[in-house]
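Here is a short briefing for a reader who is new to this structure. Look at the sequence and the model first, then work through the topics below.

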Amino acid sequence: MEGQLCANSEISVEKPPGASPPSCIALLKIYRELLVSKIRNTQCLIDNLIYNEYFSTEDAEIVVQFPTQADKVRKILDLVQSKGEEVSEYFIRVLQKVTDAYYELQPWLDEIAYEPSENICCRPVVNTDPVSRYCQKLRYELGRDSKFVMSYAQREEMLLEETYSNSVMELVSFTNESLGEVCQLEALFDDAVGLINEDGETIYVFGDAGIGKSILLQKIQSLWARKQLDIGAKFFFRFRCRMFSCFKEDEAVCLKDLLFKYNCYPDQDPAEVFRHILQFPHTVLFTFDGFDEIYSNFDLSSVPEMCSPDEPSHPLVLLVSLLRGKLLKGSKKVLTARTGTEIQRNIIRKKVLLRGFSSSNLKEYTAMFFKDEGQRALVLNQLEANPNLCSLCSVPLFCWIIFKCYEHFRSMYDSHELPDCSVTLTDVFLLMIEVHLNRSLKTSLLKSNTRSQAEMFKARKETLLALGKIAYRGMGNSFFIFEQEEVTAANISEEDLQLGFLRTVKGYTGCDSQSTYEFLHLTLQSFFTALFLVIEERVGTKEILQFFNECSSMETAQPTCLHIPWLKKHLAGEDPFRNNEHFHFTNLFLCGLLSRSKQKLFRHLVLPAVIKRKRKTLITYLGESMKSHLKGLTRSRLLNYNQIQVQPNFVWMLRCLYETQSEKVGKLAAKRMHANYIKLTYCNAYSADCSAISFVVHHLQKRLALDLDNNNINDYGIKQLLPCFSKLAVIRLSVNQITDHGVRILYEELSKYKIVTFLGLYNNQITDVGAKYVAKLIEECSSLEYVKIGANKITSEGGKCLAQAIQKSKTMFEIGMWGNHVGDEGAKAFAEALRNHPTLTNVSLAFNGITSEGGKSIAEAMQHNDSVKIFWLTKNELDDEAAMSFAEMLKVNKKLVHLWLIQNQITARGVKYLSEALKENTAIKEVCLNGNLISQEEAKAFANEERIICF
């Protein structure tokens, strides 16, 4: 219950047993001083008393004449009591119903066990409390603001409900290991799942540009406004972090102004509303969008931490103090940033990684976007025919652009199917620019105004240059907000603004007389920056390489220039592909725009000799950068392999190389790798990046090992790896959102070449259907020795298929099934596979719901096995009966070295069986029994047998 009564306030009533409760008049007399001290809002009481004709206007005028709030309450009490029991009861009823205003009296109402009479229940109570009114206004304004999503044409707004679609949201640990998916937005605020720091207050949502961070916050805002987000938040304040860069260095505001002035201002009694917020910070929800987009010369380290809510300070100080819990401690906060922005652990409560669209998400979004069933089927078929385009669609922003331009795609080609060609991100953005330039033309009933891409760009060169100029100026200083003077100085006309690439935004500087602008998305500003560098003839070598140098500069903090002690800054020396995303996108688009395939387009905009010079500068730089980058990678010598361990920056290098579409560049990169084991784990690679990986890797001549564990590859990415499968001997794809469809592609391709030795598919979304494909691969590929397929959705049916395939295999060395659901039936099938198997050495059936029935089958089969050295049966349901069977097995099997029975249901009795068996077995090194039903006192009885590990 909100509010606590003062410790010295006596609220209980001593009454003899059987006595009737005191009248309402008596209650008001008994608790007079308590009511005087706790009632701060008299207007709501007066309004309701007048509305129900208990008070006259003269009564109200008498009350308001008193100078202090306490005196007003006393006069109201006098008048109410003088008017009798009914009016006194109605007075208490108002206190009960208007909880926002009289929250401090709710414990008192519980204490007196007030229950309104039938007559009083029929009397209306209108909430005129300023806090309640403000909450209503806040919901209305946020609901209105979140209803539409602005598209890439200002005249075209889209309903959020027709635009937002679910994507993959994954709760992760501090080290980005998966803790499960978020299926409902309420789960973001549920401490039962994904909590990694109970002292933190911030839900940190991160992901690549365009992955859907901003629209996710808009969806949360919309749900809250419609009272469909039940998380106990009465107040919602949202901030776009890039706007904090607009504040001047000497500006100062207090917390109340920051909340009200830049969100929604109370119509009544702002001081009372703010006091309520301070009193109950746990009822406040903040969203801070794009923390990495704050760029300011303001030095926070020179300012003490802000703890006072009333003292004015620079807005950035208030922002940091809110995030750190120095202000409004206990409030809920959602902070978004691009991947690579690391925040210190002490402020984070949860980490949420946005992974974009899965294959099922993409189908849902397609169904929502294309209402016509025939057109929808055509789009899905065309996407299926072009995996490269399909992979780009896993990023929601790029998917939206592609779908918006879909009709134009069809107009570019004669057939109804897209050709099987590579489509780069540069191609997509060029097409989007062309489509919207075409839409700006005046329509004619008799003649189509659609021009060729080259003609359209030539006709609007000045517009493109103007937009590019302002994008370039902002990018150079990492500014994303532009004042009216800057727009005018760049010669951007009103007609140019109507194209919709720039949009007006609410400024935070307090100057409302002039418009403030931003590009509709950071990637669009990056594109126009790159376009400016290409078509502005005066741009030289220094400018062409400027943003590569920005990425490699030791002076550039990533990804913000703020001096915030708890914001980690990763500096990577002279590495030109260090994660600094807005610069990286600029470089990527520059590589695409200067590719040979775009020369035909730009010869109408800039002299061919200028393009040739710029392209030569870029290609030379890429060659030297590759050499430097690859030389600095961690290398290891493994059996049959030379391994390189790459970083996320390597993915940006590959993306840039892919945009060039130059086979010469791809071959050069492959040649300089000097490795045949590429380890790309935790690099935040998504499905479209597999095109870039294949672009380089398929040039390598030897058999390859490719480790893509813990990325976001999904089924579309597997399709993009098709050029590599003829050389892949090791393929690791664990934790990558892969479904049965992706496994089918793996089977079809790997079974063609029969060279694969290691297949890693741990923690994906594979069911029994996918397990059957893996089983077929085991049967058909005698080269396959290692299969890791744990933490999927495989039941006894899939388990049986895998076990039968392993039984037939003469080469299988290790099978990892941890965390599936094969149960006893699956365990029995694996028992048969184990019996007399010649090569199987490492087996994991941990966490598979195996009871003693299945355990006994495994133990009996192991009496006839001489190959298995390590057996994991952790987290099953094995009891003393199973322990007895394993004890009998250990008397016979002298080859097993490690037996893990951790976290089962074995008691001291079962341990005794195993301990006795070890007297006849000197080969086994350990029997791990941690987490079973054994007390430390009971474990002392087995202290002499060091191979029995209980604790």
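Helix α24, residues 522-535, has 14 residues and reaches 20 Å from its first C-alpha to its last, close to the 20 Å expected at 1.5 Å a residue. Helices (H or I, at least four residues) and strands (E, at least two) are DSSP runs, numbered from the N terminus. The expected span of a helix is 1.5 Å times one less than its number of residues. This is a predicted model, in which local features need pLDDT of at least 70, side-chain atom pairs count only at pLDDT 80 or more, and totals for chains, interfaces and linings use all residues. Residues are numbered from 1 along each chain as its sequence is written, and side-chain values use heavy atoms, with hydrogens and water left out.

- In α24, 14 of the 14 residues are buried, so this helix is largely enclosed by the rest of the structure. Buried means under 20% relative accessible area, exposed over 50%, and partly exposed in between (1.4 Å probe, protein chains only).
- Helix α27 covers residues 581-593 and has 13 residues. From first C-alpha to last, α27 reaches 18 Å, close to the 18 Å expected at 1.5 Å a residue.
- α27 is mostly covered too, with 13 of its 13 residues buried.

**Salt bridges**

- A salt bridge is a side-chain nitrogen of Lys or Arg within 4 Å of a carboxyl oxygen of Asp or Glu. By this rule the count comes to 42 salt bridges.
- One of them joins glutamate 170 and arginine 355, whose closest N and O atoms are 2.4 Å apart. Glutamate 170 lies in strand β3 (residues 168-172) and arginine 355 in strand β9 (residues 348-356), so the pair ties together parts that are 185 residues apart in sequence. Both glutamate 170 and arginine 355 are buried.
- Lysine 788 and glutamate 814 meet through their side chains in a salt bridge of 3.0 Å, N to O. This pair links distant parts of the chain: lysine 788 sits in strand β19 (residues 786-788) and glutamate 814 in strand β20 (residues 814-816), 26 residues apart.
- Lysine 788 counts as partly exposed, at 26% relative accessibility. Glutamate 814 counts as buried, at 11%.
- Glutamate 945 forms a salt bridge with arginine 947, and their closest N and O atoms are 3.0 Å apart. Glutamate 945 and arginine 947 are both buried.
- Salt bridges that share partners also build one network, which joins Arg240, Arg242, Glu293, Arg503 and Glu518.

**Surface patches**

- Patches are made of residues with over 30% relative accessible area and no salt bridge; like charges are joined within 9 Å, and nonpolar side chains (Val, Leu, Ile, Met, Phe, Trp, Tyr) within 5 Å. Accessible areas come from the Shrake-Rupley method with a 1.4 Å probe; for residues, only the protein chains shown count as cover.
- Arg596, Lys612, Lys616 and Lys664 form a positive surface patch. Lysine 612 belongs to helix α29, residues 608-631. With 62% relative accessibility, lysine 612 counts as exposed.
- Tyr762, Trp818 and Phe847 make a nonpolar surface patch of about 260 Å². Tyrosine 762 is in the loop between β18 (758-760) and α35 (768-780). With 32% relative accessibility, tyrosine 762 counts as partly exposed.

**Contrasts in sequence and space**

- Valine 125 is placed in the loop between α8 (118-121) and α9 (130-145). Valine 125 is partly exposed, with a relative accessible area of 22%. Valine 125 and valine 94 are 31 residues apart in sequence and 6.3 Å apart in space, C-alpha to C-alpha.
- Threonine 366 is part of helix α14, residues 359-369. At 0% relative accessibility, threonine 366 counts as buried. From threonine 366 to tryptophan 400, the separation is 34 residues in sequence and 9.6 Å in space, C-alpha to C-alpha.

**Positive phi**

- Most residues other than glycine have a negative phi.
- Asparagine 684 has a positive phi, near 60°. Asparagine 684 lies in the loop between β15 (677-679) and α32 (689-697), and is partly exposed at 23% relative accessibility.
- Asparagine 836 has a positive phi, near 60°. Asparagine 836 lies in the loop between α37 (823-834) and β21 (842-844), and is exposed, with a relative accessible area of 59%.

How values were computed: Lys and Arg count as positive and Asp and Glu as negative; His and the chain ends are not counted. The place of a charge is taken as NZ of Lys, CZ of Arg, CG of Asp or CD of Glu.
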